[in-house]
Amino acid sequence: AQEIISRYNHAVKLIHEVSSSFKGELKIGCLGTASQPFLSDFVIGFTASHPQIKLSLSCDGLETLVKQLNDDVTDLAIVTHVDKNYLIGLESETIKKSPLIAVVHPCHPYAGRESISLKELSGFPMVNFADEINPITSDFNRQLFNIIHEIPNIETAMFHVSINEGAFIMPEYLKSSVGSLITIPLSDDFAYITLNLIWKKKNPNISVPVFVDAFRTYMQNHDAKRP
């Protein structure tokens with residue numbers, strides 16, 4: 001109980017410092033479009049509630065984002081598929097878990113399926129993230145699929161799928177970006193990704209815990225509103 005009270009008092013102190021005289025900046029890195037469905041609305045609300053904290057955002061590949069955190073170039077990053085090899089000296093918090101879907105052309109042999117397994121897709125041409133963009137996803141997919149295109153972003157992936165040059169696997173929450181293409185849920189139990197906040201353990205910026213707490217609350221409320 002004393003530890004809980006101590007943490008609570010510390011949180012109150014941080015909030016008071018940030019909301020009164022403190023003025024600072026948070027530099028945030030994003031992994032491509034992974035967080036865009038949530039981040040734009042959140043940033044508007046956060047800057048309105050915390051006008052004294054200036055946010056600056058940029059997008060890059062996973063390895064670059066991790067290096068920038070360790071080099072104190074950025075304060076926080078929003079990424080998918082983190083593992084222990086990328087978290088040395090970093091804190092992480094999972095803020096969302098999302099099922100994966102396959103995106104295929106309407107002429108694809110599986111276009112009419114209600115669900116599909118990764119094994120069933122393994123014999124078909126696939127589009128994959130380039131290694132420098134998301135090495136964890138890229139390596140996993142290369143072990144399973146016949147990769148014919150390596151792409152820098154989801155927009156390029158959608159182009160290749162739209163001309164029937166391979167299928168693409170992506171988070172369900174990005175479904176709105178596929179246009180007239182076909183999406184098929186993956187049936188494998190492990191077919192999901194996590195969206196994570198990561199930051200340097202010894203980052204002295206007192207705005208970091210304020211942002212983490214606000215983003216956590218926002219994502220919880222966002223998911224609670226889904227039908």
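Arg216 forms a salt bridge with Asp213, and their closest N and O atoms are 2.9 Å apart. A salt bridge here is a side-chain nitrogen of Lys or Arg within 4 Å of a carboxyl oxygen of Asp or Glu. Because Arg216 and Asp213 sit three residues apart in helix α7, about one helical turn separates them. Arg216 is partly exposed at 26% relative accessibility, and Asp213 is partly exposed too, at 39%. For these labels, buried means under 20% relative accessible area, exposed means over 50%, and partly exposed lies in between (1.4 Å probe, protein chains only).

This is a predicted model, in which local features need pLDDT of at least 70 and side-chain atom pairs count only at pLDDT 80 or more, while totals for chains, interfaces and linings use all residues. Residues are numbered from 1 along each chain as its sequence is written, and side-chain values use heavy atoms, with hydrogens and water left out.

## The overall picture

Let us step back to the whole protein. Its secondary structure consists of seven helices and nine strands; these are DSSP runs numbered from the N terminus, with helices (H or I) of at least four residues and strands (E) of at least two. The C-alpha trace spans about 60 × 40 × 35 Å along its principal axes.

Of the 227 residues in the protein, 44% are buried. The accessible surface comes to about 12100 Å², and carbon and sulfur atoms account for 54% of that surface. Such areas come from the Shrake-Rupley method with a 1.4 Å probe, and for residues only the protein chains shown count as cover. Contact means heavy atoms within 4.5 Å. Among contacts between residues at least 6 apart in sequence, 75% join residues at least 24 apart.

## Inside the protein

In soluble globular proteins, nonpolar side chains tend to be buried together. A nonpolar core is a set of buried Ala, Val, Leu, Ile, Met, Phe, Trp, Tyr and Cys residues joined through side-chain atoms within 4.5 Å. The largest nonpolar core has 54 residues, and Met158, Phe168, Leu186, Phe211 and Phe215 touch the most other members. Helix α7, which covers residues 207–225, gives the most to this core, with seven residues.

Which residues does Met158 contact, leaving aside its neighbours within four places in sequence? They are Val103, Phe168, Met170, Ser177, Val178 and Leu181.

## More charged pairs

Side chains of opposite charge can pair when their charged atoms come close. The structure holds eight salt bridges. In one of them, Lys67 pairs with Asp71, with 2.6 Å between the closest N and O atoms. Lys67 is exposed, with a relative accessible area of 53%, whereas Asp71 is partly exposed at 41%.

Another salt bridge joins Arg142 to Asp131, with the closest N and O atoms 3.7 Å apart. This pair links distant parts of the chain, eleven residues apart: Arg142 is in helix α5, while Asp131 is in the loop between β5 (125–129) and α5. Both are partly exposed, Arg142 at 36% relative accessibility and Asp131 at 31%.

## On the surface

Phe140, Leu144, Phe190 and Tyr192 make a nonpolar surface patch of about 380 Å². Patches are made of residues with over 30% relative accessible area and no salt bridge, joining like charges within 9 Å and nonpolar side chains (Val, Leu, Ile, Met, Phe, Trp, Tyr) within 5 Å. Phe140 belongs to helix α5, residues 135–144, and is partly exposed at 41% relative accessibility.

Where is Ser187? This residue lies in the loop between β8 (182–185) and β9 (192–200), and at 41% relative accessibility Ser187 is partly exposed. Ser187 and Ile116 are 71 residues apart in sequence, yet their C-alpha atoms are 5.5 Å apart in space. Not counting residues up to four places away in sequence, Ser187 touches Ser115, Ile116 and Ser117.

## The cysteines

A disulfide is a covalent bond between the sulfur atoms of two cysteines. With the cut-off used here, a pair of cysteine sulfur atoms within 2.5 Å, the structure holds zero disulfides. Cys59 is partly exposed, with a relative accessible area of 47%, while Cys107 is exposed at 59%.
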